Amino acid sequence: MKIGIVTVVAAAVSVVAATASAPASVVKVVPFVASYSGTAVVKVTETDAKIYDISASGSGIGTLVGKSKISGTGKGDASQQPCVPFAGPGAIVGTNGTKLLFTVIPGSQGCGDEEGQVFSLVGKAKITKGTGKLLKARGTLKFTGVYDRGQGTFSIKFKGTLTK
């Protein structure tokens with residue numbers, strides 16, 4: 001009977017040792033910063049509800065994507081004042097083939113000046129997919145920026161950490 005107990009204990013110890021020495025899935029944390037500028041178009045789609053279609057595209061530079069382009073579409077609700085909430089999908093595509101797909105999430109907003117021409121932008125973009133150097137990247141990035149309705153231009157900066 002002692003041999004049976006010793007065998008069971010030895011087997012249990014070897015399983016624990018094998019599990020402890022097995023490589024764990026390593027999560028890599030990657031700091032991300034990026035800056036973009038470009039053009040944006042805002043069109044009224046529902047006059048009564050003051051719902052706007054938004055489209056934007058531009059270029060800039062970002063961590064691990066290098067020189068890159070940004071594009072996005074979305075909806076904004078101008079019936080909400082003084083700041084207009086907006087959300088929608090977008091993409092950052094690097095010249096090196098690295099791509100980040102994201103969604104601007106609810107809570108993001110643009111707050112206009114007294115004339116309703118220059119808006120300060122603040123919000124978060126949830127990364128939904130990464131390719132290339134950012135394959136399997138996930139995370140939520142904070143962004144700040146400015147949209148000039150009169151000029152049809154924007155500038156935006158992203159900052160945060162991604163995991164992959």
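A disulfide is a pair of cysteine sulfur atoms within 2.5 Å. By that rule, a search of the whole structure turns up one disulfide, and Cys-83 and Cys-111 form it, with their sulfur atoms 1.9 Å apart. The link of Cys-83 and Cys-111 is right-handed, with 110 degrees about the S-S bond. It joins distant parts of the chain: Cys-83 belongs to strand 4 (residues 83-94) and Cys-111 to strand 6 (residues 109-112), 28 residues apart. Cys-83 counts as buried because its relative accessible area is 18%; buried means under 20% relative accessible area, exposed over 50%, and partly exposed in between, with a 1.4 Å probe and protein chains only.

Before going further, please keep in mind that this is a predicted model, in which local features need pLDDT of at least 70, side-chain atom pairs count only at pLDDT 80 or more, and totals for chains, interfaces and linings use all residues. Residues are numbered from 1 along each chain as its sequence is written, and side-chain values use heavy atoms, leaving out hydrogens and water.

Let us step back to the overall layout. The protein chain has one helix and nine strands, in the order α-β-β-β-β-β-β-β-β-β along the sequence. Helices (H or I, at least four residues) and strands (E, at least two) are DSSP runs, numbered from the N terminus. Of the 164 residues in the protein chain, buried residues make up 29%.

Next come the charges. The whole structure holds one salt bridge, a term for a side-chain nitrogen of Lys or Arg within 4 Å of a carboxyl oxygen of Asp or Glu. Its partners are the side chains of Lys-75 and Asp-53, at 2.5 Å from N to O. Lys-75 sits in strand 3 (residues 66-77) and Asp-53 in strand 2 (residues 51-62), so the pair ties together parts that are 22 residues apart in sequence. Lys-75 is partly exposed at 44% relative accessibility, and Asp-53 is partly exposed at 30%.

Elsewhere, Lys-99, Lys-126, Lys-129 and Arg-138 form a positive surface patch. Patches are made of residues with over 30% relative accessible area and no salt bridge, where like charges are joined within 9 Å and nonpolar side chains (Val, Leu, Ile, Met, Phe, Trp, Tyr) within 5 Å. Lys and Arg count as positive and Asp and Glu as negative, while His and the chain ends are not counted. Lys-99 is in strand 5 (residues 99-104) and is partly exposed, at 34% relative accessibility.

Now for the backbone. Most residues other than glycine have a negative phi, and most peptide bonds are trans. Gln-81 and Pro-82, however, are joined by a cis peptide bond with omega of about 10 degrees, and Pro-82 lies in the loop between strand 3 and strand 4. Leu-64 is not a glycine, yet has a positive phi of about 65 degrees; this residue is in the loop between strand 2 and strand 3 and is partly exposed at 33%. Lys-136 also has a positive phi, near 65 degrees, in the loop between strand 7 (118-130) and strand 8 (139-148). With a relative accessible area of 62%, Lys-136 is exposed.

A last stop is Ser-155 in strand 9 (residues 153-163), which is partly exposed at 33% relative accessibility.

Methods. Areas by Shrake-Rupley, 256 points an atom, 1.4 Å probe, with all protein chains shown as cover. Charge placed at Lys NZ, Arg CZ, Asp CG, Glu CD.
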